[in-house]
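User: I've got a model open and I'd like to learn how to read a few of its features. Can you walk me through them?

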Amino acid sequence: MKKPICMLLALAILPALILSGCADKTAGQVFRLDILSEPASLDPQIATSDDQALILLNTMEGLLKMDEGQKPVPAAAESYTVSPDERTYTFTLRKGMLWSDGETPVTAYDFQFAFRRLLDPKTQSPTAANFTCIRGGAAALSGEGSVQSIGVAAQDAYTLIFTLESPNPSFLSLLTTPAALPCNEDFFLASRGKYGVSDEFMLFNGPFFIHSWVEGNYIHMRKNHSYYAEESVIPAAFRLYIKDSYDLARLLDGAVDAAAVSFSDLEKLDETYQTVQFSNILWSVLPNLERPALANLSIRQALSASIDRQALSAHLGENQHPAAMPVPPAVTLGGESYRSQTADAPRSAQPGYTAAELFQIGLKELALEGAPSLTLLCPDRDGIPLLLSHLQRQWRDALGVFINIEPVDAQTFSQRLAGRDYDLVFCPVTASYDSPEAVLSQLCGESSLTGWQSGEMAEFLAQAKSASTAAGVLSAYRQAEQTLLQNGIVLPLFYETSYYASAPSVTGLRFSPFGCRVYFLEGRKEG
């Protein structure tokens, strides 16, 4: 008697299912993480926050992406070549890539349109200036040129050519950032100004796509079955919970699978939790140049020169160490830590003058008989006000000026920092991509944290982009750092190490020191 066909099929399939289960019991799981802000938009060309970057770099894919060693490697591009003069980059895209609608091909034209949007002044992209190394980019961004003429050209559906004004050692790293992600022109136009405001008005070409977005609660991502390398995506999904603050208890209780943790939290984690660390945060005092007293160069130089970092180091935490220069150790150049290649000490702005003498010169220039009234704004956390009280004492002893310290909560701090509502502010600076410029550009320029504009500084950054040798690039960045310090634009105090922790059962999550990013593609959970 013949067995029923359905039974035969079941018997044939069962071994395959058993073998598949034995091969990988950790596939198809859901990962959970907390984020601190709900994105107002997920338009890659205007995204700036860490949380926006986390979502975009898990749901979309640029020509290149960062590997575990923070090196740019092919992603949507199958390969690329660089001309001998390092001004022309030719990318060959993978064939067969689709957007998350499962029908629309991902092509070189999507990248061409994205870069034209990025460098169009109407877009008002906060990161567009990073890409003015592209030929015609600066002119287009200023409105003096056309985005149609920039050096980004789709030769055909699978060939994209960049032409730069001059060599830029950070160009490949820039191509791994959200601003360089593709944008389908037809879909963008059909969204009628709503592109990126919700999952309904987005297309994805990365490992995951946004399945549901519950405002104020969570954003849920699922595996993108249209992704060209779907078989490499291990989790079925990941969910980001929108919270007001990080709570270690959620990691300890298993509510989330990974978290950014503070140094003090580490002692609460046993050896079963895996942690990674990066010395990636600069904490620095920034003067508000719109305040008359701080617009005076001699006053700023006096404040800088009177800082005794060695004395302050006695009051730093174990995850903090003194900083004399702006760029933190996690930033690399040519594959090595930039800081290890340039351990320069700040050069004196005005040799022969003491801090007290510079301060008196400033008062005279301002026609002031006594010290100005100044307040230092800072976040009220992690012992920061106590540390700054020691700096306050140094300024009082060296200059005879008493600077008030004003600790505020996180939300108030962010609002006042953004509005430059302070005399002096003590704030963190981190790099959004792996380059000294990612830090330095935040400290110079009209839209930077400081608002300071300097032709000399701009020239050094331009030299770093155009230098033909590694030594030339390094020299230009060194001079840019020294220029910031000699002008009293940034007063570094310490570098801080940041930490991520994964739950005991979790492996395969990858963390980055730049932009607080977590990559879920290879995540696994045992048990």
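Predicted model: local features only at pLDDT ≥ 70, side-chain atom pairs only at ≥ 80, totals over all residues.

Analyst: Residues are numbered from 1 along each chain as its sequence is written, and side-chain values use heavy atoms, with hydrogens and water left out.

User: How many disulfides does the count come to?

Analyst: In general, a disulfide is a covalent bond between the sulfur atoms of two cysteines. Here the rule is a pair of cysteine sulfur atoms within 2.5 Å, and by it the count is zero. C378 is in no disulfide either, with the nearest cysteine sulfur, that of C427, 11 Å away.

User: Is C378 buried or exposed?

Analyst: Buried means under 20% relative accessible area, exposed over 50%, and partly exposed in between (1.4 Å probe, protein chains only). C378 has a relative accessible area of 0%, so C378 is buried. C133 is buried too, at 5%.

User: Now the helices. At what angle do α16 and α17 pack?

Analyst: Two packed helices are described by the angle between their axes and the distance between the axes. Helix α16 (residues 455-466) packs on helix α17 (residues 470-486) at about 160°, and their axes are 8 Å apart. Helices are DSSP runs (H or I, at least four residues), as are strands (E, at least two), numbered from the N terminus. The axes are lines fitted to C-alpha atoms, for helices over the stretch in contact, and angles run from 0 to 180 degrees between N-to-C directions. Over 145 degrees counts as roughly antiparallel (under 35 roughly parallel, 65 to 115 roughly perpendicular, the rest oblique), so α16 and α17 are roughly antiparallel.

User: Which residues of α16 and α17 meet?

Analyst: Contact means heavy atoms within 4.5 Å. On the α16 side you'll find, among them, M457, F460 and L461, while α17 brings residues including V473, Y477 and L484.

User: And phi? Which residue has a phi near 55°?

Analyst: Most residues other than glycine have a negative phi. Q124 has a positive one, near 55°, and sits in the loop between α3 (108-118) and α4 (137-142). R420 is positive as well, near 50°, in the loop between α14 (410-418) and β18 (424-430). Q124 is exposed at 66% relative accessibility, whereas R420 is buried at 19%.
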